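Please walk me through this structure, beginning with a single position in one chain and widening out to the chain and its partner.

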Amino acid sequence: MTANSADSARATQRNSYWQASLRLIMLCLVIWFVVSYGFGILLVDQLNAINLGGFKLGFWFAQQGSIYVFVALIFFYAMRMNVIDRQHGVHED
Amino acid sequence: MDLKTLTYLVVGASFALYFGIALYTTARSTGDFYVAGKGVHPVVNGMATAADWMSAASFISMAGLIAFLGYGGSVYLMGWTGGYVLLAMLLAPYLRKYGKFTVPEFIGDRYYSKAARLVAVVCLIFISFTYVAGQMRGVGIVFSRFMEVSVETGLIVGMGIVFVYAVLGGMKGITYTQVAQYVVLISAYTVPAVFIAFNLTGNPVPQVAMGSELTSGGYMLDRLNTLVTDLGFAAYTDGNKTTIDIFCITLVLMAGTAGLPHVIVRFFTVPKVRDARSSTGWALVFIALLYTVAPAVGAMARYNLTTTIQNGDVGVATANLEYEQRPEWFKRWEKTGLLAFQDKNGDGRIQYYNDKNPQFVEKASAWGWKGNELTVNNDIMVLANPEIANLPNWVIALVAAGGIAAALSTAAGLLLVISSSISHDLMKGALTPNITEKQELTAGRLAAAVAILIAGYLGWNPPAFVAQVVAFAFGLAAASLFPAILMGIFSRTVTREGAIAGMLTGLIFTMGYILYFKGIFIAPLAADVPANWMLGISPEGIGSVGMLLNFLVAFAVSKMTAAPPRDVQELIETIRLPAGAGSAHSH
């Protein structure tokens with residue numbers, strides 16, 4: 001393999017790594033948006049018609065649920081990113 | 001033992017602990033001073049971040065705000081936690097890979113411009129000082145109420161403590177002290193909440209108790225809704241903000257959180273990119289422990305306060321608390337001026353209701369009520385909560401120590417980013433580039449010392465606008481720093497001119513809108529009421545529009561100017577790849 005084609009192979013690999021990262025970030029941010037701005041704000045009145053124990057569901061998402069989802073989301077992202085790092089050979093030692 | 005002695009003991013012991021840690025962790029290099037030598041374990045860093053982040057506002061004010069805003073208070077809960085999702089995915093790992101010391105340094109390198117770096121320094125200093133003023137005020141409140149010393153004495157003690165560990169220990173000292181402060185503040189917050197939750201509902205977990213049935217029957221939130229609507233207030237679970245305003249404020253708080261320099265810089269301290277990701281998660285775990293308890297504290301405090309004052313059916317004369325029969329905590333807090341009673345109808349009883357609700361006022365005047373007679377400052381709800389619920393004195397002492405820990409840990413983190421932006425960005429980066437590392441370290445310590453004095457002065461003469469100032473700090477961070485960093489990582493095409501124009505547009509627009517309605521330093525030019533707001537967006541939420549303008553202007557200007565040079569393209573490539581972050585240690 002010539003130096004040039006090795007370079008372009010590395011560029012392709014970097015590019016696919018970046019695309020994979022962006023896809024994961026988009027997925028996570030969609031969930032982030034839906035639980036807070038969606039369930040907690042825009043759809044709060046509709047969801048409040050549903051009860052979760054003594055909570056109205058929309059209110060619960062705004063004051064409790066969205067926070068739990070945020071925490072889970074960051075760990076999910078961190079875990080998936082480690083996998084993506086390895087798949088594309090860009091992980092730290 | 002009386003409350004005062006006990007409080008001195010508990011607070012004194014916590015101070016001794018912070019001092020001890022500071023002595024163990026003296027900074028020896030600029031790397032230690034700015035970023036703790038980049039050797040902090042991600043879980044430890046997460047805990048320190050949580051303490052750094054949770055300020056006097058989170059600890060003292062937030063639950064009180066929620067208690068009076070109900071659903072409207074959700075903006076703080078979602079906003080101040082959701083920002084960590086943005087931080088974890090969009091900023092922290094890439095800035096860690098970049099691997100230098102400060103946020104302005106990144107902006108200066110990425111936008112190949114000293115001017116951009118200076119604009120960032122100005123934003124950073126403004127944001128951080130407005131924030132620090134609030135912390136110092138928090139220290140003052142806690143000292144004056146619990147230690148029964150003057151606010152001035154309290155401030156001097158607080159400044160002395162921060163001085164020792166921030167100036168000597170730098171980031172290294174601060175990190176390990178913050179871990180101790182986290183433990184103090186989280187126990188101080190949750191212990192009373194557990195007691196109160198158990199008393200009210202028989203369930204000790206506040207997050208669950210909030211949605212449980214009261215021991216006296218009925219779900220707590222349903223009872224609370226009935227209680228407050230009977231007094232003419234909006235239902236607790238509905239609140240009274242418009243949807244667009246809630247949306248915008250939440251967005252500002254999220255983007256602002258992710259753009260706050262003292263939070264970002266915490267992720268410069270971990271060894272690897274991978275650690276920066278997981279450390280953000282840990283930070284949010286520790287933050288969520290307090291933030292999921294806060295709404296329960298708010299609801300329970302509102303319930304307890306309302307039923308103390310209104311202990312029977314609304315409209316029955318004897319159902320209102322007689323002023324002479326008021327409980328001890330009521331008397332103690334009256335002395336601070338944060339709780340006040342004015343007997344407008346001269347019946348010797350306390351009427352607490354919404355006198356801004358015309359329909360209800362009509363009903364109330366038929367009962368001989370002549371206006372709301374009780375004013376409660378938001379800030380006392382958390383501090384007075386254990387007293388309202390009759391908890392033992394050691395719990396009250398612990399809450400005092402927790403409030404001080406929350407204020408000091410945040411103040412220290414802020415003072416450190418102020419001092420590093422002065423010694424590193426302003427002096428080393430622009431004015432005196434030839435100073436040695438040792439001189440830079442000394443300059444950093446001096447800058448921290450001066451910053452503490454200024455912060456102390458701001459706490460001594462608190463600008464009357466501390467609450468507005470919070471809107472300012474987040475609005476500016478969201479409209480200036482956050483977009484600049486985000487575009488710096490995710491776009492290859494944004495140029496120096498674009499970034500500077502964008503930051504200035506966001507900054508000036510947001511600042512102008514807030515000044516227009518809040519009138520800091522000048523008289524407000526228009527009344528701060530929804531009818532005057534642009535698109536119904538309050539000054540608290542306007543940073544989201546400022547952020548949008550920043551993005552639009554930056555992209556538009558970048559289209560018209562020459563693309564970033566080749567070495568900047570390479571920098572962008574490098575920060576996007578995790579491999580090789582370790583080598584950033586020595587530069």
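A:Leu43 sits in the loop between α1 (3-42) and α2 (44-47) of chain A, where helices (H or I, at least four residues) and strands (E, at least two) are DSSP runs numbered from the N terminus. This is a predicted model, in which local features need pLDDT of at least 70 and side-chain atom pairs count only at pLDDT 80 or more, while totals for chains, interfaces and linings use all residues. Residues are numbered from 1 along each chain as its sequence is written, chains are lettered from A and ligands numbered from 1 in the order in which they are written, and side-chain values use heavy atoms, with hydrogens and water left out.

With a relative accessible area of 38%, A:Leu43 is partly exposed, a class that lies between buried (under 20% relative accessible area) and exposed (over 50%), computed with a 1.4 Å probe on protein chains only. A:Leu43 and A:Ile84 are separated by 41 residues in sequence and, from C-alpha to C-alpha, by 34 Å in space.

Chain A as a whole has 3 helices and 2 strands, which follow one another from the N terminus in the order α-α-β-β-α. Its radius of gyration, taken over C-alpha atoms, is 20 Å, well over the 12 Å that the globule rule gives for 93 residues, so chain A is more spread out than a compact globule; that rule is 2.2 Å times the number of residues to the power 0.38. Along the principal axes, the C-alpha atoms of chain A fill a box of roughly 65 × 25 × 15 Å, and 45% of the 93 residues count as buried. Among contacts (heavy atoms within 4.5 Å) in chain A between residues at least 6 apart in sequence, 60% join residues at least 24 apart.

Turning to the partner, the contact between the chains takes 41 residues from chain A and 54 residues from chain B. The area buried between them is about 4,300 Å², with 70% given by carbon and sulfur atoms; buried area is the accessible area (1.4 Å probe) that two parts lose on being put together, summed over both. On the side of chain B, B:Met89, B:Phe247 and B:Arg277 lose the most area to chain A, together 16% of what that side buries.

Between chain B and chain A there are 2 salt bridges, each a side-chain nitrogen of Lys or Arg within 4 Å of a carboxyl oxygen of Asp or Glu. A salt bridge joins the side chains of A:Arg14 and B:Glu573, at 3.3 Å from N to O.
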